[in-house]
Amino acid sequence: MLDVLGEHPEAVEADLIRYYGGDPLAAFWRGEITLRKLRVLVEALPPDSATARAHNGNAWLHSDYVATDSRDLLDLLFTAFCNANRDPKKPAIPWPKPSWRPGDPLPEDTAAADEAKRVKAHAAYEHIVARAKGE
């Protein structure tokens, strides 16, 4: 039974009620539906369900990824067009960074990691200078 509900049983239960009405889980326990039917209902939950969000760790749908890819492509094309048609005496526009997607570090996390690397590199530099001076 727990294999059917998976790692997020509360999300599965909420989705069963939302998408199929009534309470299919309670119907199973009352013997009104089979375990197979309950499994089929769970496996047929749509990609925007709470179960899918809990499993994926985010609420992004395939269309969200496609839209973000399209935006990144337009940014690249716009930058390429502007650089190809710019005044040769002016500097080129820098290439845009890709948009954030689930699983990417957040900008504030990236800044903190960069600062930590800078502090570590500075400490290593100080250590080398101290060794070179014989301290």
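What follows is a short chat about a predicted model.

Colleague: What are the ground rules here?
Modeller: This is a predicted model, where local features need pLDDT of at least 70, side-chain atom pairs count only at pLDDT 80 or more, and totals for chains, interfaces and linings use all residues. Residues are numbered from 1 along each chain as its sequence is written, and side-chain values use heavy atoms, without hydrogens and water.

Colleague: Where is confidence lowest in the chain, and where highest?
Modeller: Lowest in α1, with a mean pLDDT of 74, and highest in α6, at 95. pLDDT is the predictor's confidence in each residue, from 0 to 100. The chain average is 89, and 99% of the residues score at least 70.

Colleague: Which residues make up the largest nonpolar core?
Modeller: There are 11: V4, L5, V12, L16, L25, A27, F28, I33, L38, L41 and V42. Two or more residues come from each of α1 (2-5), α2 (9-20), α3 (24-29) and α4 (35-43). A core here is a set of buried Ala, Val, Leu, Ile, Met, Phe, Trp, Tyr and Cys residues joined through side-chain atoms within 4.5 Å. Helices are DSSP runs (H or I, at least four residues), numbered from the N terminus.

Colleague: What does I33 touch?
Modeller: Leaving out residues up to four places away in sequence, I33 touches P24, A27, F28 and L38; contact means heavy atoms within 4.5 Å.

Colleague: Switching to α6: is D72 buried or exposed?
Modeller: D72, in helix α6, is buried, because its relative accessibility is 11% and the cut-off for buried is under 20% relative accessible area, with exposed over 50% and partly exposed in between (1.4 Å probe, protein chains only). Beyond its neighbours within four places in sequence, D72 contacts P98, S99 and R101.

Colleague: And L76?
Modeller: L76 is also in helix α6 (residues 62-84), but is partly exposed at 37%.
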